[in-house]
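Please consult the sequence and the coordinates shown here alongside the text.

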Amino acid sequence: MKTEKQRTMFYRRAAWIAGKSGNLEKELKVAHKILSSTAERTFPHNEGEMQGLSFENSDQGFCMHIASYVPHQATSLVPFPSRASARNTTPQSPPDKHNYLEGDIFVVIRGNHIVLCPSGARESVAISYMTHALRRSGKDKLITHFSVEPVVSIDKMKIIQQEGVKKIALNASLYEASTDYLERKTTKMTLLNGLANEVLTLFAKDDDDRLKDVDEFENLSVRVEISFDSRKRGGEIGRERLERTAEKVISDNEDDGFQIITGGGKKFTPNSIRINEPVSLSVFGNSVEREKAWDSLKKYLDSLHESGALEQ
């Protein structure tokens, strides 16, 4: 049985807009003084809920542990291997006054610097939780004044700017690209959605009723490649359009699965261009130990500070 799990720590930053400025750490500390119980820190999320399980104030930052789950949803038990030729899973309801964890995420915020360690929950859970917490604590206007944005490596952005963008490749499952998931709002899903709907329309014309719909578990993907042919004269608008699109995809904090290829042939993916670092953490149930995760995130913030990455 594994005692360690591999996770990734991501660096984000609160960007204040419309001439506003602020300190997200300070605002969230005030909000959590008001929202003192887990019931007050529970909010709707997709088909279930998210809950601020615990938080910690320290000189090294404000720490949060947020869990997502579907209330009262059963989990499936798998029987031990046996001489049976086939077995079925068994649904098991959660124990009294508990829900089964769907995913969680650990967050440390220092000023406007944010580091996250997802463990089965997407980054959007943390961002949505912060928005709900601020709104419930009476900071409705504040949530329109900032956004949480990924931070890219300046050195790698310089390479893209120097060599130009030759190709952008976007990929997603057909189901994901064509449904009303939160992800559809991202740059990638916006670009893929039109193509996905065209494919679904084509499928809907099939004479076989079984083939008219696409469900979540089909291994069908939709892919878009936008490229610039530098061998052809002119087309500078096309080059600029491609570079602007690449900037949008890179800066979209929910976009992943993209690949950008420069004119010099270098390839960049979300993990290779955005600031992040892998970490090994102690297993705790189907997640990782909270204190270890928080400590790792604090140390990661320290290392980013020492390297000057927080100032870029």
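The following paragraphs treat the salt bridges and then the surroundings of one leucine.

The model under discussion is predicted, not experimental. It holds 10 salt bridges. Side chains of opposite charge can pair when their charged atoms come close.

| Salt bridge | N to O distance |
|---|---|
| E56 and K298 | 2.9 Å |
| E163 and K266 | 2.7 Å |
| R223 and E225 | 3.0 Å |

**E56 and K298.** The side chains of E56 and K298 form a salt bridge at 2.9 Å. This pair links distant parts of the chain, since E56 belongs to strand β3 (residues 48–58) and K298 to helix α8 (residues 290–307), 242 residues apart. Are the two partners buried or partly exposed? E56 has a relative accessibility of 23% and therefore counts as partly exposed. K298, in contrast, has a relative accessible area of 7% and is buried, because the cut-off for a buried residue is under 20%.

**E163 and K266.** A salt bridge of 2.7 Å joins the side chains of E163 and K266. E163 is located in helix α3 (residues 154–163), while K266 is in the loop between β12 (258–262) and β13 (267–268), so the pair ties together parts that are 103 residues apart in sequence. E163 is partly exposed at 26% relative accessibility. K266 is also partly exposed, with a relative accessible area of 36%.

**R223 and E225.** In this pair the side chains meet at 3.0 Å, N to O. R223 counts as partly exposed at 44% relative accessibility, and E225 is partly exposed with a relative accessible area of 43%. Which residues does the network of salt bridges with shared partners join? K167, R223 and E225 are connected into one network in this way.

L281 is part of strand β14 (residues 276–284). Its relative accessible area is 2%, so L281 is buried. Leaving aside residues up to four places away in sequence, L281 touches T3, E4, K5, R7, C117, V288, K292, A293 and S296. One further distance places L281 relative to another part of the chain: the C-alpha atoms of L281 and K205 are separated by 50 Å, and the two residues are 76 residues apart along the chain.

Definitions and conventions:
Residues are numbered from 1 along each chain as its sequence is written. This is a predicted model: local features need pLDDT of at least 70, side-chain atom pairs count only at pLDDT 80 or more; totals for chains, interfaces and linings use all residues. Side-chain values use heavy atoms; hydrogens and water are left out. Helices (H or I, at least four residues) and strands (E, at least two) are DSSP runs, numbered from the N terminus. Buried means under 20% relative accessible area, exposed over 50%, partly exposed in between (1.4 Å probe, protein chains only). Contact means heavy atoms within 4.5 Å. A salt bridge is a side-chain nitrogen of Lys or Arg within 4 Å of a carboxyl oxygen of Asp or Glu.
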